[in-house]
Every structure is written in C-alpha cells, then in structure tokens.
Amino acid sequence: MGEDLFDGHHTGDQFFEALPTTLEELFTPQFLDSLRPPTGTLLEALPEADSTCDWRPGVPVHLHASSGDRDVPIANAHHCQELLEARGAETRLVDFGEVDHSTSVTLSLPKVLEQFAALED
C-alpha cells in the first residue's frame, strides 16, 4: 500500500480496496505474535474495551447496525444485545441491510436523534 493513498484525494473505498486481504499480509509476524496472547497494557485495557454492553440501562436501547457492514460486523451488535438483555434491558436491533459502514452510520444518525428527542417528551 503506497503513501500516495494518504494524499486527501482518495476515497475511503479506494483506500480499503488497496489494503491486503489478510492480517498476515498487513502486519509483521512479530506484531501478530505480540497479540497472541495479549500482555501488558493491551491485556489490561481489554476488560474495559469489552464492557461497553456490560450494564443495565434504565431506558430501552436501540442498536443500529448493517448486515452488509464489512468494517464492524453485525455480530458485534447481536452480542451487545444479548449482554444487555441478559441484564434485563429492553433492546431493539435495527439492521439497515446490505449497506456499508458509512451508509449505516448515515442512516442511523436521524434514528438516534429521534430516539433522544422522544426521551425528552
């Protein structure tokens, strides 16, 4: 992957299309080995990073995701929904379908704003 992709004139799609298709092609073996198993600061940070959905909110939670998102798999939203519901939360998962990450975000933002506005009523 060349530095020329960081010139501000290439789209996100062009950038991601130029990336290697496997982690082994993207990272050095030494870096990957340092993650298996994680140690040190990374290991200490994992519980906090993995606790986003480990609580019980006092209001219904609407999760937004896209089954077509290749950047953030919808499985993350399903996992979060399971954790929240296991703690007694009321949840709803909205799947925007076969759209990419950026489109999913664009579609979800108005929905999020509507939900916050409804809480104020």
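I looked up F31 first: at 36% relative accessibility it is partly exposed (buried means under 20% relative accessible area, exposed over 50%, partly exposed in between, with a 1.4 Å probe and protein chains only). This is a predicted model, where local features need pLDDT of at least 70, side-chain atom pairs count only at pLDDT 80 or more, and totals for chains, interfaces and linings use all residues. Residues are numbered from 1 along each chain as its sequence is written, and side-chain values use heavy atoms, leaving out hydrogens and water.

Next, I searched the whole structure for aromatic pairs and found one. F27 and F31 form this tilted pair, with 4.9 Å centre to centre and 35° between the planes (ring centres of Phe, Tyr and Trp, its six-membered ring, lie within 6.5 Å; planes under 30 degrees apart are stacked, over 60 edge-to-face, the rest tilted). F27 is partly exposed too, at 32%.

Then I turned to the core. The largest nonpolar core has six residues: C53, V61, L63, C80, L84 and A89 (buried Ala, Val, Leu, Ile, Met, Phe, Trp, Tyr and Cys joined through side-chain atoms within 4.5 Å). Strand 1 (61–65) and helix 5 (74–86) each give two or more residues to this core (helices are DSSP runs of H or I, at least four residues; strands are runs of E, at least two; both are numbered from the N terminus).

I also checked L84: leaving aside residues up to four places away in sequence, L84 touches C53, W55, P57, V61, A89 and T91 (contact means heavy atoms within 4.5 Å).

Last, I noted that L46 sits in helix 4 and is partly exposed, at 36% relative accessibility.
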